[in-house]
Amino acid sequence: MRLQDRVAVITGAASGIGLATARRFAAEGAVVVAVDVNTDAIATLAKETGGEAITCDVTDEAAVEAMFDSVATGHGRVDIAFNNAGISPPEDDSILTTGIEAWEHVQRVNLTSVYLCCKYVLPHMRRAGRGSIINTASFVAVMGAATSQISYTASKGGVLAMSRELGVQFAREGIRVNALCPGPVNTPLLKELFAKDPERAARRLVHVPVGRFAEPAEIAAAVAFLASDDASFITASTFLVDGGISGAYVTPL
């Protein structure tokens with residue numbers, strides 16, 4: 001119950017890491033505000049967790065500002081923001097084939113939305129003099145991948161750099177900002193991507209020292225830690241939860 005009565009906003013809460021984190025946060029005692037464009041899924045989740053659901057397009061600046069204002073007004077504060085919404089569409093591939101429309105769409109969902117969520121939650125946290133922001137980056141933000149998703153990779157590098165800067169900037173105001181960098185996770189997003197290209201899946205899996213992809217609940221456990229006071233001296237960090245992939249020169253036989 002490390003998050004007892006803390007108000008936590010989770011974007012991309014309808015599935016995958018966001019859904020698992022909403023459940024973990026609720027189990028740890030948090031008041032969970034699930035945010036997504038999938039209204040039905042987050043309404044069901046809110047019933048399950050006893051929390052709240054807000055339908056919001058996190059690429060829409062006015063909608064993001066209104067969402068955080070609504071949470072702060074309704075609950076008195078925002079203690080935790082897990083800015084997790086993201087996409088990885090098949091048209092985002094090699095730089096040689098990815099069009100500008102696909103590039104810009106991924107950047108807007110994966111990077112600009114995190115910028116907007118940080119921008120509009122920070123004033124509420126500054127007034128309270130405390131808060132924890134966790135932004136979902138990726139292990140691809142710290143290493144290159146031959147199986148490229150060029151805009152996805154660039155967007156996650158941006159999330160990582162932005163999180164470091166905000167973590168430094170607001171540290172003395174009691175606000176921690178960290179970049180969560182998962183390895184490949186067994187989510188609907190990954191399953192869809194790899195169902196279309198089993199060879200790409202096999203190429204990625206062989207490089208994970210643990211020998212498997214992560215489960216969403218394992219990533220959720222890391223998010224809960226970063227959100228809690230157990231991580232009170234951790235900010236501006238590159239928090240890798242990747243099964244050893246970023247540390248491997250060769251994987252074990």
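**View 1. Strands β2 and β3 pair side by side.** In this predicted model, β2 and β3 run parallel and are joined by four bridges. Two strands count as paired if DSSP finds at least two bridges between them. V33 stands opposite E52 in β3. Between the two strands, the chain passes through helix α2 (residues 39-49), and this β-α-β crossover is right-handed. Right-handed here means that, with the strands pointing away from the viewer, the path from the first strand over the helix to the second runs clockwise. Helices (H or I, at least four residues) and strands (E, at least two) are DSSP runs, numbered from the N terminus.

Residues are numbered from 1 along each chain as its sequence is written, and side-chain values use heavy atoms, with hydrogens and water left out. Because the model is predicted, local features need pLDDT of at least 70 and side-chain atom pairs count only at pLDDT 80 or more, while totals for chains, interfaces and linings use all residues.

**View 2. Strand β2 also pairs with β1.** Five bridges link β1 to β2, and the two run parallel. V7 has V31 of β2 as its bridge partner. The chain goes from β1 through helix α1 (residues 16-27) to β2, again by a right-handed β-α-β crossover. Five of the six residues of β2 are buried, so the strand is largely enclosed by the rest of the structure. Buried means under 20% relative accessible area, exposed means over 50%, and partly exposed lies in between (1.4 Å probe, protein chains only). In a regular strand, side chains alternate between the two faces of the sheet.

**View 3. The largest nonpolar core holds 34 residues.** A nonpolar core is a set of buried Ala, Val, Leu, Ile, Met, Phe, Trp, Tyr and Cys residues joined through side-chain atoms within 4.5 Å. V9, V35, V64, M67, F68, V71 and I133 touch the most other members. Elements that give two or more residues are β1 (7-11), β2 (31-36), α3 (61-75), α4 (100-128), α5 (150-169) and β6 (175-182). Helix α4 supplies the largest share, eight residues. Another core, of 27 residues, lies apart from this one; L3, A14, F25 and A30 are among its members.

**View 4. V35 and its contacts.** Contact means heavy atoms within 4.5 Å. Not counting residues up to four places away in sequence, V35 touches V9, I10, T11, G12, A13, I42, I54, C56, V58 and M67.

**View 5. F68 sits in helix α3.** Is F68 buried or exposed? F68 is buried, with a relative accessible area of 0%. Leaving out residues up to four places away in sequence, F68 touches V9, V78, N83, C117, Y120, V121 and H124. P188 is 120 residues away from F68 along the chain, and their C-alpha atoms are separated by 27 Å.

**View 6. T59 lies in the loop between β3 (52-55) and α3.** T59 counts as buried, at 14% relative accessibility. Its side chain makes a polar contact of 2.7 Å with the side chain of D57. A polar contact is a pair of N or O atoms within 3.5 Å; within protein, one must be able to donate a hydrogen and the other to accept it, and residues adjacent in sequence count only if both atoms are side-chain atoms. Leaving aside neighbours within four places in sequence, T59 is in contact with R108, V109, S113 and L116.

**View 7. N135 belongs to strand β5 (residues 131-136).** N135 is buried, with a relative accessible area of 0%. Which side chain joins that of N135 in a polar contact of 2.9 Å? The partner is N83. Not counting residues up to four places away in sequence, N135 touches N83, V114, C118, V159, S163, V177, N178, A179 and L180. N135 and F25 are 110 residues apart in sequence and 16 Å apart in space, C-alpha to C-alpha.

**View 8. D5 and A236 have positive phi values.** D5 is not a glycine, yet its phi is about 65°. D5 is found in the segment before β1 and counts as partly exposed, at 46% relative accessibility. For A236, also not a glycine, phi is near 60°. A236 is found in the loop between α8 (216-227) and β7 (238-241).

**View 9. The whole chain has eight helices and seven strands.** Of the 253 residues, 49% count as buried. The C-alpha trace spans about 50 × 35 × 35 Å along its principal axes.
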